Amino acid sequence: ADTADHGILAGLDSEQRAAASVPEGPLLIVAGPGTGKTRTVTHRIAHLVLEREVPARECLAITFTRRAAQEMTERLDTLVGAPARDITVATFHSLGLSVLREKPELLELPADFGVADAAEQHRVLAEVTGDERAARRLRPAISRDRRASAPATPDSAEGDRDGEAGDVLPRYLAALRERGLVDYDDLLALPVHLLESDARVREEYRQRFRWITVDEYQDVDDLQYRMLRLLAPGEANLTAIGDPDQAIYAFRGADVRFFLRFTQDYPRAPVVSLTRNYRSGTHIVAGALRAIRPGTLVADRDLRAMRDDANATQRIQLHRAADERAEAAYVARTIDQLLGGTSLHSLDSGRVEGDGDGRLGFGDIAVLYRTDAQSRAVLDELARCGFPAQKRSHDPLTARGGVEHILRELTRASTTVPSDGVAVVERVRGAAEAFLATLSESDRAEHAAAVHGAVELLTPLAERYGTDVAGFCHEVLLGAEVDAVDPRADAVSLLTLHAAKGLEFPVVFVVGCEDSLLPLRWPGTELSDDALAEERRLCFVGMTRARDHLYLTRAVRRTRHGEARDTRPSPFLNELRDSSEAITSDTAPARPRRSAHQLSLL
Ligand code: ATP
Ligand code: MG
């Protein structure tokens, strides 16, 4: 009956349905984690196409990562069927790249322009500055500058910037163009420039994409914001969806203020909120709210846990270990217990489905951390126990050793060898071997491990693309490591907190819940209020990835940068510590009390 009443929106609750069925014009959906934002926006597009006669080719869905785009494409295929092929699902970067591919001549780019990956950008910068070290330092500075502030073109950048990055930028861009290249930031900056300066092109894209949705709107940066304002002015059909309390990309130029001023930019926009969390157990929702409350950007946050199954009342586990190795051992031991205590002995038993009979597999588990360095101890321990793991960051795929070479070989091979229907997975392997074959014996020894690692990393992506080499190369060029997570892999996921955004797992460990790791800061330095607030949001994002089991661990003593130091607990968990949502456990020896004498010396 529900289906008959609500059609495609039957899979949504009443709040979600109200949001998904807003007829036209701008719309803001503000909602906390796990409330079905992504699900709602996907259903909204399906509803528009199937039930409101919106042409699929006029729909543009913008997602934060390539992986999210892939997932949304799959869901739309299921919901909408054949017309889904005409819906554009893109990240800002892939949208920008399509604009450049369609209009290279208007930007004085050669038709066959290339996109410089991190290594190539570095080479160009090093040549321009004549200094490797300066190049390394300037690359992130230039990128951040370009994404967070106004000038979008080489000429407008000149003069109004002080500092080294501003100085070098015009020369760097000129050198890129000489080589027929654009860089990642150009993928946004050039289309914005084009849309700003050419009214005809602007109108063309406005007509093309008359229905736009943007997921994770809280993390747009200046260029992305400007692109949206150009594509969707005044009363356009723009749906923005997000959660200000999950804004975690300021370090890359994102600015949550764009979200907060949506209703000024689009005064006609209704604001709809979703309040029911379907993802996490009751204690996880309550505990996460405790952690975010002192810094929340959503004054009247309303978030209620909907789950009432057997797992819904699992309490959050706070664990205190002696050092990072003991912390990793706790993670491995707990995984072993969760998997039924047999995994240490019968590893070849294969994946045990998390959903079907309620038993967990390695693929249901994520270990999240603030800094990449923390993954080492966990990886080592998992390897020691023979537990499979896949580690992914939010860095670009091309920044990973070996990926660049494989990509170059693939592009070279695909222009010289006729397409012969060879699956890519095989092509990737072939490209890796071809690259290794060009090296001398000693270079090969140096590169071989990285190249094999890269093949492993790229395999799930390659499988997705089958024989579509161009599509695969495009994906690798624009993707982050996290986009290459294989969701079906029978392996524990090791992710940075940033990379875990938007994802969910039945079991989540957040390791290193310590002051100076979460929040992250150099010992002895203070964070600005803004930076501290962002770290708190990162903690909130991490906690809310968990469906059933959440473990927050810390080491009492940790070695960082080669130096072992005593730590203090994360201040974000202060209120959680004595609450009924959490239980604590301890494997660290009690710290020896300082004597009165020692105290007087401190
Ligand atoms: P985040 O803020 O982390 O991105 P989100 O708001 O986008 O979260 P989703 O990922 O869309 O949330 O949904 C969270 C989980 O809740 C998913 O497993 C989804 O399938 C489930 N879910 C959402 N809405 C419903 C619903 N109406 N009925 C049942 N399950 C739902
Ligand atoms: Mg989401």
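Biologist: Where is Pro519 found?
Modeller: Pro519 is found in the loop between β15 (505–510) and α22 (529–543), where helices (H or I, at least four residues) and strands (E, at least two) are DSSP runs, numbered from the N terminus. This is a predicted model, in which local features need pLDDT of at least 70 and side-chain atom pairs count only at pLDDT 80 or more, while totals for chains, interfaces and linings use all residues. Residues are numbered from 1 along each chain as its sequence is written, and chains are lettered from A and ligands numbered from 1 in the order in which they are written.

Biologist: And what kind of peptide bond joins Leu518 and Pro519?
Modeller: The bond between Leu518 and Pro519 is cis, with omega at about 10°.

Biologist: Changing topic, which residues come nearest to ligand 1?
Modeller: Gly36, Lys37, Thr38, Arg39 and Tyr278 come nearest, out of 17 residues around ligand 1; a residue counts as near if its C-beta atom, placed from the backbone, lies within 6 Å of the molecule.

Biologist: Which helix gives the most to that shell?
Modeller: Helix α3 (residues 37–51) does, contributing three residues to the shell around ligand 1.

Biologist: How many of the shell residues are nonpolar, polar and charged?
Modeller: The shell around ligand 1 holds four nonpolar, seven polar and six charged residues. In this scheme Ala, Val, Leu, Ile, Met, Phe, Trp, Tyr, Cys and Pro count as nonpolar, Asp, Glu, Lys and Arg as charged, and the others, Gly among them, as polar.

Biologist: OK, now β7: how many of its residues are buried?
Modeller: Six of the six residues of strand β7 (residues 237–242) are buried, a residue being buried if 20 or more other C-beta atoms lie within 10 Å of its own, exposed if 12 or fewer, and partly exposed in between, with C-beta atoms placed from the backbone. In a regular strand the side chains alternate between the two faces of the sheet. Here both faces are covered, with Asn237, Thr239 and Ile241 buried on one side and Leu238, Ala240 and Gly242 buried on the other.

Biologist: Which way does β1 run against β7, parallel or antiparallel?
Modeller: Strand β1 (residues 27–31) and β7 run parallel and are joined by four bridges, where two strands pair if DSSP finds at least two bridges between them. Leu28 has Ala240 of β7 as its bridge partner. Strand β6 (residues 211–214) is likewise parallel to β7 and joined to it by four bridges, and Val214 stands opposite Ala240.

Biologist: What unit do β6, α12 and β7 make?
Modeller: With helix α12 (residues 222–231) between them in the list, β6 and β7 make a right-handed β-α-β unit, meaning that, with the strands pointing away from the viewer, the path from the first strand over the helix to the second runs clockwise.

Biologist: Is α12 enclosed or open, and how many of its residues are buried?
Modeller: Seven of the 10 residues of α12 are buried, so this helix is largely enclosed by the rest of the structure. The buried residues are Leu223, Gln224, Tyr225, Arg226, Met227, Leu228 and Leu231.

Biologist: Now α9: where is the kink centred?
Modeller: The kink in α9 is centred on Pro170 and amounts to about 30°, the bend at a residue being the angle between axes fitted to the seven residues ending there and the seven starting there. Helix α9 (residues 164–178) has 15 residues and reaches 22 Å from its first C-alpha to its last, close to the expected 21 Å, a span taken as 1.5 Å times one less than the number of residues. Just after α9, Gly180 takes a positive phi of about 70°.

Biologist: Which residues other than glycine have a positive phi, and what about Glu108?
Modeller: Glu108 is one of them, with phi of about 55°, and its place is in the loop between α5 (92–102) and β4 (114–115). Glu108 counts as exposed because it has 8 C-beta neighbours inside 10 Å. His561 also has a positive phi, near 50°, and is found in the loop between β17 (557–560) and β18 (563–566).

Biologist: Last one, is His561 buried or exposed?
Modeller: His561 is exposed, because 8 other C-beta atoms lie within 10 Å.
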